[in-house]
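Reader: I have a model open and would like to walk through it. Can you start me off?

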Amino acid sequence: MLPPPDAPTRGTWRNGPRWNYEGVVALVGLAVAWQIASYFFPPFLFPPVPAIAAHVLDIFLSGKTLLDVMATALRILAGLAGAFVLGAAIAVLMGRAPRFSRYAYPLLNFNQGVPALSWVVISIIWFKGTEFRIFFIMLMTTLPAFTFQILDSYRAMSKDLLEMTLSFRPSRLDLLRTLVWPSVLPGILTAWKVNLGNASRVVVVAELVGATGGVGYQLLLQQQVFDMAGAIAWTIVLVIFVLLAQRIIDLLETWLLRYRPVAERTL
Amino acid sequence: MTQPEATKAGEIVFDDVSKSFTSPEHRDSPFYAVRNLSFTVGRGELVAVLGKTGCGKSTMFNLLAGLARPSSGKVLVHGHDPYAEFAWFRGKVGIVFQNDRLMPWRTAIENVALGLELNKVPSAERLAIAAEWLARLGLRGHEHDYPHALSGGMRQRVSIARAFSIKPDILLCDEPFSALDEVTGNALRGEFRDLVRETRATGIFITHSIGEALTLGHRILVFQRPARIAYEAVLGGTPEDEIRAEILRVMGDVEAA
Ligand SMILES: Nc1ncnc2c1ncn2[C@@H]1O[C@H](COP(=O)(O)OP(=O)(O)OP(=O)(O)O)[C@@H](O)[C@H]1O
Ligand SMILES: [Mg+2]
C-alpha cells in the first residue's frame, strides 16, 4: 500500500518505500566521479560508465547470462528460505524450553563467528553436489540471524495481550494464529531484509565451490580475463537483484504493518 | 469432586486465598498482594470492589480468571478451579482489563470479534454481533479503525464490547468506566446493569468511585492491603449515606494501619 499523499515524512521505513531523491543524487554522483576517473586511468582500472552500462544490458538481454543471474537469485532465496524455516523452529524451541536455549545459544554464537569461507571449505570436503554445497553454506551463514531475530520478537511479545487472549481459552493453534504470528511478523520481515544483504555477499563466495554458472562464477571469469567492466557489471546486476528483493519486502512490510501509527514529528 | 460447603451457596468462592510474589531481592520474605481473602458471590449478583490503589484488586482478578495460581487457599468458580481447569471456562468468562489490551494489528471490529472467533463463532455471525456491540457503545463508523486511531475512552469501549459480546456467565471488569466522560460512563453503567440482568451473568467490578459502587452494585466489598475484606455492605437496607461514611472510615483506617 502506498502512503497517503500527505504523509509527513518521506522515505522512512514507517511510510514505506518511495523515491528518494537524495539517493538518486548520490548514485549519479558516484557514476560521474567514476566517469571522470576513467579519463585519467586506463580502462582496465576504470572502464567508462557507458561500457559498464552496455555490459549490464548485455547480461539482461542474453538468455545464457540471464540464467546465471536467476541461478544466483534462486540460490539466495533457497538458502534464506531454509534458514528461515530452521531458524524459526529453533527459535520456537528456545522460546518454549529455556533449558534447550541454554544449549543452543553458545552454538549459535559460535556459528556467528565462523567466516563464510570456512563453510565453503567444510562443505567442499563434506558434500558432493554443487547445489547442495551452496545451500549448506547459505543455510549455515544466515541461520543465527534468523534465529535470534525471531526469538527476540517472540520474547518481546506483550504479556498483557497474552493474558487477554488466554482469558478466552484459545486452542494452541488459535493462540499461534491470533497472537504469536502477528507479534513476531515485524521481526521476521526485518530478519529477511538483513539476511538478504548477507546472503548476496555470501552467495558469490559459495559459488566458487565449483558452480558452472551464477554471478560468482562469472565474476571469477572476469577476473581471469582481467575485464573490469564485466566484473563491475556483474556486481551491479547482483546489487540490482538485492535492491529489488528488498523493495518487495518493503512493500510487503508497508502492507502487513499498515496498522502501525506514524508519528508526525520524527526525531 | 467433593465440593466444599460454600460452593453451593456461591457461584464464585474465595476460600482463604493468598497470593504472594517473590522477588530476587526479597527471597525469604515474600510480598503478599492477597492475604487470607474469603468471600462468595451468588449467581446473578453484581458486586463492587473498592480499595486503595495497589491493594491487590487486579491480582484477585487474575486469580479469578485463572491467569495466576493462588499461593494458598482455594478459588472456585461454578465449582471448578479456574487455574487448574483452565480450558473448562471457555466462553464463560469475559474480562474488561484495567488497560484496554487491544491487538494493534486488528481493527476495532476485529478486536471485538476476537472472543467470538476463539469460541468458534462463524465469521459472518461474529462480525454482525461485533458491529452491533460497537453501535451499542457509540462506536458506529469506527468499525474499521485501528486502535492507534481511537481515543483512550474509545479503546476502552472496544475492550468492553469484546468482553460483553461473548455473553459470559461471569463478567470481571477492572475499572471499566473510569476512562469515560460522565454521559458515556452513565450510559455504559446502565448497559452493564442491563446485561447482567438480561443474561443472569454474575459480575464483579472494581471501581475507585464510591458513587459508582453504590449505584451499580448489589453488594460492596472494601479491600484492605494486602487484599482481604475490610468491610462488606449489602445495598438496599442500610441508607447509602451511612454506607458511604462507613466506607470512607474503613479506607481511612486502612491507611492509618
Ligand atoms: N507480577 C507481580 N510481581 C510482583 N508484584 C506484583 C505483581 N503483580 C502485582 N504485584 C504487586 O501486588 C500489589 C497489588 O497489585 P494490584 O495490581 O493487584 O493492585 P490493584 O489493587 O489492582 O491497584 P490499582 O487500583 O492501582 O489498580 C502491588 O503492590 C503490586 O506491586
Ligand atoms: Mg488494578
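Author: This is a predicted model. In chain B, the domain assignment gives domain 1 (1-92 + 169-257) and domain 2 (102-167).

Reader: How many Å separate the centres of domain 1 and domain 2 of chain B?

Author: The two centres, taken over C-alpha atoms, are 25 Å apart. In the contact, 17 residues of domain 1 of chain B meet 13 residues of domain 2 of chain B.

Reader: And what area is buried between domain 1 and domain 2 of chain B?

Author: About 1,200 Å², with carbon and sulfur atoms giving 63% of that area. On the domain 1 side of chain B, the residues that lose the most area to domain 2 are Leu188(B), Glu191(B) and Leu195(B), together 33% of what that side buries.

Reader: How many salt bridges cross between those two domains of chain B?

Author: The rule finds 0 salt bridges there. On the domain 1 side of chain B, β6 (170-174) and α7 (182-199) each supply at least two residues that touch domain 2. The largest share, 7 residues, comes from α7(B).

Reader: Switching to the chains. How many residues does the contact take from chain B and from chain A?

Author: It takes 29 residues from chain B and 21 residues from chain A. Together the chains bury about 2,300 Å², 62% of it on carbon and sulfur atoms. For chain B, Arg101(B), Trp105(B) and Leu118(B) supply 30% of the area buried against chain A, more than any other three residues.

Reader: What is the count of salt bridges between chain B and chain A?

Author: There are 4 salt bridges between chain B and chain A. One pair is Lys120(B) with Asp174(A), whose closest N and O atoms are 2.5 Å apart. On the chain B side, α2, β5 and α4 (114-118) are the elements that give two or more residues. The largest share, 4 residues, comes from α4(B).

Reader: Which other residue does Asp174(A) form a salt bridge with?

Author: Arg177(A), with the closest N and O atoms 3.0 Å apart. Both residues lie in helix α8 (residues 172-206) of chain A, 3 residues apart, about one turn of the helix. Asp174(A) is buried, at 5% relative accessible area, while Arg177(A) is partly exposed at 42%.

Reader: Which residues are linked with Asp174(A) and Arg177(A) in a network of salt bridges?

Author: Arg106(B), Glu117(B) and Lys120(B). The side chains of Arg106(B) and Glu117(B) meet in a salt bridge of 3.0 Å, N to O. Arg106(B) sits in the loop between β5 and α3 of chain B and Glu117(B) in helix α4 of chain B, 11 residues apart. Arg106(B) is buried at 10% relative accessibility, and Glu117(B) is buried at 10%.

Reader: Last topic, the metal. Which residues coordinate the magnesium ion?

Author: Ser58(B), through OG, and Gln98(B), through OE1, coordinate the magnesium ion (ligand 2) at 2.0 to 2.3 Å. Ser58(B) is in helix α2 (residues 57-65) of chain B and Gln98(B) is in the loop between β5 (93-96) and α3 (108-112) of chain B, so the pair ties together parts 40 residues apart in sequence.

Note on methods: Residues numbered from 1 in each chain as written. Chains lettered and ligands numbered in written order. Predicted model: local features only at pLDDT ≥ 70, side-chain atom pairs only at ≥ 80, totals over all residues. Heavy atoms only, no water. Donors = N, O, S within 2.8 Å, 3.2 Å for Na, K, Ca; no water. Domains from an automatic or database assignment. Contact = heavy atoms within 4.5 Å. Buried area = accessible area lost by both parts, 1.4 Å probe. Buried < 20%, exposed > 50% of the residue type's maximum accessible area, 1.4 Å probe, protein only.
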